[in-house]
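Reader: Could you walk me through one part of this model in some detail? I'd like the sheet and the charged pairs around it, with the cut-offs spelled out.

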Amino acid sequence: MSIPREPKLSVLAVGVDLTSLEGCTVEPAEDLLGALARLADGGIDVVVTALELPDSTGTDVIGSLRERAPEVPVIVVGDAGAEPMDAFEAGASDVVPPDAATDLVARAVRYAVTLRKVEAGLRRYQAFDELTGLLNSRGFDLLANHHFRLADRSKDPVLIVFLRVDEAGGAPGEAAVADAATVISSAVRVSDVVARVGSEAFCALLAGAVPGSEPIVLERIIEAVATHNASTGHETGPSVSIGAASYDPEHPVPLAELIAEADRRMRRPSPGAPEPPGA
């Protein structure tokens with residue numbers, strides 16, 4: 001009895017030369033306009049694009065592709081002068097170097113499609129928080145452990161950030177929790193995973209985090225909360241306590257232990273004047 005083969009993934013290559021990818025059918029598009037027209041027809045699983053196109057440049061390319069087909073992952077072929085974080089913040093699922101081998105690009109394509117399938121599957125379960133629209137603790141556990149298994153193969157670390165919302169005078173109300181969810185989500189990449197894991201607690205998972213980037217990530221979230229409070233005239237609250245821990249594929253530990261470690265390392269900044277988190 002023969003085992004049926006999995007169907008090939010349909011990849012739209014925009015402004016990049018991808019002659020062949022294992023397990024994929026590659027369609028070329030020379031410019032953004034052509035790419036948007038092809039996406040409108042449907043049937044594309046992943047877009048692999050340059051950021052320098054004849055009719056558009058920079059992260060506007062990502063925004064336009066995501067707006068046309070928000071369910072289709074976008075992988076950026078970066079260059080030496082581009083900042084990968086800018087691409088992630090604009091909605092890219094991954095960034096690969098311009099001289100990346102075809103097997104690396106193919107792996108990035110499969111990774112992006114797999115994550116989208118997992119996220120779609122989660123929506124069929126009771127995996128989302130009604131107040132914030134984020135994953136709940138059950139959904140986060142499922143998706144985090146999927147990321148850990150991918151990290152075991154790729155040997156790339158995964159950063160777990162644990163946050164607790166505080167408000168002067170007592171437990172934060174639903175409005176403060178909902179505001180915190182919005183601010184936290186805006187401070188991380190679209191490809192990162194944010195969840196509400198308790199009445200006042202959140203977790204964020206950052207896959208492929210660069211070693212040493214932990215203080216930068218924590219400070220960015222703290223500054224986002226402080227900026228939000230200042231803009232709304234609530235400089236004295238709410239604030240977030242925040243800590244982080246890293247999943248090391250060479251020394252794997254369960255998610256619960258990582259969250260407990262992040263909780264132990266938690267720092268509580270003042271809500272009006274963010275302080276860079278310590279180690």
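Author: Here is a look at the sheet, the helices on it and the salt bridges.

First, the ground rules: this is a predicted model, where local features need pLDDT of at least 70, side-chain atom pairs count only at pLDDT 80 or more, and totals for chains, interfaces and linings use all residues. Residues are numbered from 1 along each chain as its sequence is written, and side-chain values use heavy atoms, with hydrogens and water left out.

Now the sheet. Four strands make an open, antiparallel sheet, ordered β9-β10-β8-β11. β9 and β11 (239-247) sit at the edges with a single partner strand each, so one side of each has no neighbour in the sheet. From one strand to the next, the twist averages 20°. Strands here are DSSP runs of E of at least two residues, helices are runs of H or I of at least four, and both are numbered from the N terminus. Two strands pair if DSSP finds at least two bridges between them. Between β8 (residues 158-166) and β10 (residues 201-207) there are seven bridges, and phenylalanine 162 has cysteine 203 in β10 as its bridge partner.

Helix α5 (residues 137-154) lies across β8, β9, β10 and β11, at about 20° to β10. α6 also packs on the sheet, touching β8, β9 and β10, and its direction makes about 10° with that of β10. Axes are lines fitted to C-alpha atoms, for helices over the stretch in contact, with angles from 0 to 180 degrees between N-to-C directions; contact means heavy atoms within 4.5 Å.

Leaving aside neighbours within four places in sequence, aspartate 192 touches Leu205, Leu206 and Ala207. Aspartate 192 is buried at 8% relative accessible area (buried is under 20%, exposed over 50%, partly exposed in between, with a 1.4 Å probe and protein chains only).

On to charges. The whole structure has four salt bridges, each a side-chain nitrogen of Lys or Arg within 4 Å of a carboxyl oxygen of Asp or Glu. One of them joins arginine 196 and aspartate 129 at 3.2 Å, N to O. That pair ties strand β9 to the loop between α4 (102-122) and α5, 67 residues apart. Arginine 196 counts as buried at 15%, and aspartate 129 is buried at 15% too. Another pairs aspartate 152 with arginine 149, at 3.0 Å between the closest N and O atoms. Both lie in α5, three residues apart, about one turn of the helix. Aspartate 152 is partly exposed at 23%, as is arginine 149 at 40%.
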